[in-house]
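Welcome! Take a moment to look over the sequence and the 3D view, and then let us walk through them together.

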Amino acid sequence: MSKASILKEFWDFLKVRKRFWLAPIILILLILSLLIIFAQSSAVAPFIYTLF
């Protein structure tokens with residue numbers, strides 16, 4: 001199963017079930033997880049930690 005099909009299936013779920021309020025929550029969780037992953041393996045980590 002490819003990532004594109006998972007995203008398409010999730011989008012279809014949101015459309016059918018009228019759960020559009022889930023999209024921003026998922027997006028924020030994804031951004032925060034990418035920020036944590038980036039902060040662990042980077043020289044920019046001290047600057048990212050000052051944001052929180």
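What share of the 52 residues in the protein is buried? Buried residues make up 10% of them, where buried means under 20% relative accessible area, exposed means over 50%, and partly exposed lies in between (1.4 Å probe, protein chains only). Before going further, please keep in mind that this is a predicted model, in which local features need pLDDT of at least 70 and side-chain atom pairs count only at pLDDT 80 or more, while totals for chains, interfaces and linings use all residues. Residues are numbered from 1 along each chain as its sequence is written, and side-chain values use heavy atoms, leaving out hydrogens and water.

Now for the overall fold. The protein has three helices and zero strands, and its elements run α-α-α from the N terminus on. Helices (H or I, at least four residues) and strands (E, at least two) are DSSP runs, numbered from the N terminus. The accessible surface comes to about 4,800 Å², with 76% of it belonging to carbon and sulfur atoms; such areas come from the Shrake-Rupley method with a 1.4 Å probe, and for residues only the protein chains shown count as cover.

Next, look for the largest pocket, which holds about 200 Å³ of space. On a 1 Å grid over the protein atoms alone, a pocket is an open set of points where a 1.4 Å probe fits, with protein on both sides within 12 Å along at least five of seven lines, and lining residues have an atom within 4 Å of a point. Grid points are joined across faces, edges and corners, and the volume is the space filled by probe spheres set on the points. Its lining consists of L7, F10, W11, L14, A23, I26, L27 and L30, and α1 (3-17) and α2 each supply at least two of the lining residues.

Finally, the whole structure has one salt bridge, meaning a side-chain nitrogen of Lys or Arg within 4 Å of a carboxyl oxygen of Asp or Glu. K8 pairs with D12, their closest N and O atoms being 3.0 Å apart. The two are four residues apart in helix α1, so about one helical turn separates them.
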